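Here's a quick walk through the model on your screen. Have the sequence and the 3D view open side by side as you read.

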Amino acid sequence: MGGQVVIETRKLTKVYRDFWGRQKKVALNALNLEIYQGEVFGLLGPNGSGKTTTIKLLLGLLFPTDGDAFVFGKPAADVKKNERIGYLPEESYLYRFLNAEETLDFYGRLFDMPADQRNQRAQQLIETVGLKRDRKRVLKEYSKGMRQRIGLAQALINDPELVILDEPTSGLDPLGARWMKDLIIELRKNNKTVIMCSHRLEDVQDVCDRIAILNEGQLQALGKVSTLLEDINRLELHASGVQLNEELRFLRIVEESKAHPGRRYLPERDAVVPGDRAAAPAARDGDKAEASPHIKELPKK
Amino acid sequence: MFATLNLERDPLKLAEVPRELGSWVQDAGGFCLVLLLVMMIWARARWPGGLSNWLWGAPDPERPRSWAPALFKLCLVAAVVGYVVAGLMRLLDHILSESPDVPTAPSVAKGPTVLVRGSGWVLTFAAACALLAVCLPFFVSLLSLRWRRIWGIARLSFKEAVRRKVLWVFASVLLIFLFLSWFVPAKRENQLQTYVTVVFLYLTPVLLVSSALIAAFGIPTDIKQQTIHTVVTKPVERFELVLGRFLGYTLLMSAVLLVLTTLCLGYVLRGINPDAAAESLKARDPLYGELHFQKIAGAYTDREAIEEVKREDRELNVGREWDYHKYVPGVNLEKETGPILQAVWHFDEVPGVLARRPRVRCEYKFDIYRQTKGKEGEAVRCSFFLHTRYFNPAGNDRTDYYNARKTLLNLQRPGDDPQRRAQAKEVIKVLPGASDEAVSRLSAGEGKPNEIDGSSTTTRCTSTCPAGCSATLGMVRPAGARHRRAPRC
Ligand SMILES: Nc1ncnc2c1ncn2[C@@H]1O[C@H](COP(=O)(O)OP(=O)(O)OP(=O)(O)O)[C@@H](O)[C@H]1O
Ligand SMILES: [Mg+2]
């Protein structure tokens with residue numbers, strides 16, 4: 001960390017209201033975040049937990065009900081900040097009647113890029129995302145994964161400093177997901193800031209430096225992946241309620257931690273659980289094998 | 001090509017532009033000020049720092065007083081002050097004109113007082129200020145517009161319409177169009193006119209409706225399909241988005257218009273009979289006269305005179321949409337009742353070149369409004385009296401003409417015997433200035449309007465409806481005025 005603050009939210013709150021202004025859903029409740037330059041930040045949470053809402057608030061697509069969001073030190077509603085941002089929407093909301101080249105050309109124009117630069121960048125990105133063969137086909141003929149790829153290319157057209165990815169691996173095959181993660185790691189190497197959200201733990205844990213766990217619009221946990229994951233693993237085993245023996249003695253810690261309900265962050269004392277994922281308890285425990293660390297089984301308190 | 005259309009309006013004159021512009025500014029400015037005031041109230045309630053901060057952002061200590069917010073405030077204040085001043089001036093004028101010690105007679109003679117005129121100017125100024133204040137954010141953002149973005153969005157709109165096959169709608173319209181001429185009956189010489197009218201009447205709604213539909217669904221579809229999310233997360237101003245769409249659709253519709261007009265031109269010109277070509281493919285110079293109505297002195301029976309006095313509005317309004325659709329009631333030869341009116345066009349300036357021609361061809365169109373079914377198969381007669389500037393309206397000329405004409409018309413009815421013709425000849429001779437040849441031709445019932453020489457103080461010509469029907473004679477338009485509907489009887 002230690003870098004410049006790229007994103008800052010203060011008590012960011014979003015309440016969806018219906019036509020009459022009646023409260024319908026608190027999608028996000030008083031979120032405080034600081035995201036630093038050069039880190040890969042993950043938003044983790046089950047469906048409907050407010051991840052997309054958070055991202056839309058950061059991009060200025062939604063107006064917050066309360067609180068503030070600042071991107072590059074400017075209010076999120078400021079259009080100028082978008083020069084430095086690349087955004088991959090949850091579903092690739094692209095024009096389906098354009099082909100890959102035209103799509104990139106269009107978004108390049110929106111960044112006011114001159115023609116030769118636009119062209120060069122488009123070709124390069126098409127190659128990167130592996131759509132070289134399909135670059136003349138219109139997007140409505142694309143499969144979900146292909147659309148995800150062109151969506152990513154579109155997000156990177158301006159060589160952004162901050163990349164915001166909403167479920168980047170959705171619709172991708174395992175190889176594609178791997179490729180996406182490599183790409184994110186590559187971005188980090190180039191000192192870009194990446195914010196991604198997902199409901200799949202394995203997406204996040206491979207690439208993210210820090211994650212925030214959301215549930216029902218509440219921030220449940222925030223911290224380094226390695227530390228939080230231990231927490232997660234403990235809780236998961238707690239949910240499955242196995243018999244205690246010497247080997248699984250860390251469960252006792254779970255019970256202890258159960259005595260402290262609410263948000264517990266970065267438990268420093270649990271040296272008991274190996275931080276190494278390969279040695280994670282779920283992998284060792286036979287009848288828990290299928291209980292892969294999935295966020296759906298995350299703290300329901 | 002459009003000259004063959006009968007447009008229902010006199011053309012806008014250049015001299016009227018400043019006045020029209022002034023009244024437009026006053027109207028628009030008034031709305032703008034109301035909008036601004038409403039927004040001010042809204043912004044005060046919702047936004048720290050009020051409207052100015054909402055529009056221009058909070059005052060930045062690093063950038064001391066940029067010009068835009070300052071100008072905005074200045075305009076706003078000027079507009080409010082202007083309206084107040086204008087209101088006070090009107091009020092003052094009202095009070096002054098009411099007070100008894102001020103003599104009213106001279107002020108009436110002067111027309112609008114200085115105060116009223118001055119308040120008009122102040123009002124225009126204030127309205128212009130309000131207009132400027134409202135438009136200022138647009139102008140300022142106009143400075144930061146990037147045409148590449150706007151052009152990108154315009155191209156997108158264009159491609160969208162093409163690839164979504166919206167243009168097939170136009171194609172299908174054309175298909176129907178090809179068959180249209182089957183269903184349009186036209187007189188031979190009116191062929192071209194009918195074609196152009198059909199094309200015009202058909203294209204206008206089709207283009208209007210389709211462009212309205214395409215344009216209305218552009219951005220809403222973007223929002224609905226959420227494609228807008230990937231666009232507004234780029235550095236695109238909202239204004240650029242709208243402008244780009246606007247530009248794209250304008251280009252699209254221009255292209256469509258170009259294609260359709262080319263096709264329509266082909267449709268119109270593909271085969272025109274010579275009669276229609278002679279009628280329509282000819283340059284004409286319209287002359288617009290001042291129209292007024294007058295009754296014919298001495299041409300009334302007692303009963304008619306009483307009716308005429310009762311009727312304050314002398315020209316007959318038959319409820320057509322524009323006020324210049326005024327009709328003079330025709331003479332019912334059978335009954336000879338009802339007021340007799342003349343429509344008089346006064347031409348202050350007639351092109352001098354006409355004087356050098358041996359003959360001047362005059363054309364006119366008239367509209368006939370039938371109140372009764374009338375007699376079938378009988379022509380409607382209307383008479384034109386062309387007076388030169390030597391005509392003396394104070395004399396008895398007009399009455400003489402009217403009476404002679406009445407006699408003549410009676411004599412010229414079908415089935416006239418030679419004796420009656422001779423009688424007619426006598427009558428026409430009474431008319432001063434009619435050439436002998438014209439008189440003889442006319443009295444033989446062969447006279448055509450354009451064969452009559454107008455060299456004297458007065459020339460008269462009689463014309464009949466080509467369709468040969470009988471109806472109350474309607475308003476008559478002067479020579480060359482092409483903006484009346486063709487007689488359809
Ligand atoms: N436009 C909307 N109107 C009303 N409620 C909404 C709207 N968008 C989202 N919500 C609600 O807000 C909550 C959070 O939605 P959000 O899309 O942020 O979830 P998410 O974390 O992205 O979920 P997922 O993993 O399924 O993408 C949900 O309960 C959802 O029903
Ligand atoms: Mg989501």
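How much area is buried between chain B and chain A, and what share of it do carbon and sulfur atoms give? The answer is about 2700 Å², with 61% from carbon and sulfur atoms. Buried area here is the accessible area (1.4 Å probe) that two parts lose on being put together, summed over both.

## Ground rules

This is a predicted model, so local features need pLDDT of at least 70 and side-chain atom pairs count only at pLDDT 80 or more, while totals for chains, interfaces and linings use all residues. Residues are numbered from 1 along each chain as its sequence is written, chains are lettered from A and ligands numbered from 1 in the order in which they are written, and side-chain values use heavy atoms, with hydrogens and water left out.

## Where the two chains meet

On the chain B side, 27 residues are in contact with 28 residues of chain A (contact means heavy atoms within 4.5 Å). Arg148(B), Thr233(B) and Lys234(B) supply 25% of the area that chain B buries against chain A, more than any other three residues.

There are 4 salt bridges across this interface (a side-chain nitrogen of Lys or Arg within 4 Å of a carboxyl oxygen of Asp or Glu). One of them pairs Asp112(A) with Arg146(B), with the closest N and O atoms 3.1 Å apart. On chain B's side of the contact, α6(B) gives the most, with 10 residues (helices are DSSP runs of H or I, at least four residues, and strands runs of E, at least two, numbered from the N terminus).

## Around ligand 1

Now to chain A and its ligand. Ligand 1 is surrounded by 14 residues, and the closest are Gly48(A), Lys51(A), Thr52(A), Thr53(A) and Glu90(A) (a residue counts if one of its heavy atoms lies within 4 Å).

Lys51(A) also has a polar side-chain atom 2.7 Å from an oxygen atom of ligand 1.

## Strands in chain A

Strand β1(A) (residues 5-17) pairs with β4(A) (residues 66-71) in the antiparallel sense over 5 bridges (pairing takes at least two DSSP bridges). Thr13(A) has Asp66(A) as its bridge partner in β4(A).

β4(A) also runs antiparallel to β5(A) (residues 74-75), joined by 2 bridges, and Phe70(A) stands opposite Pro75(A) there. These two strands form a hairpin with 2 residues between them, and Phe72(A) in the turn has a positive phi of about 50°.

Notes:
Polar contact = N/O pair within 3.5 Å; in protein donor to acceptor, adjacent residues only side chain to side chain.
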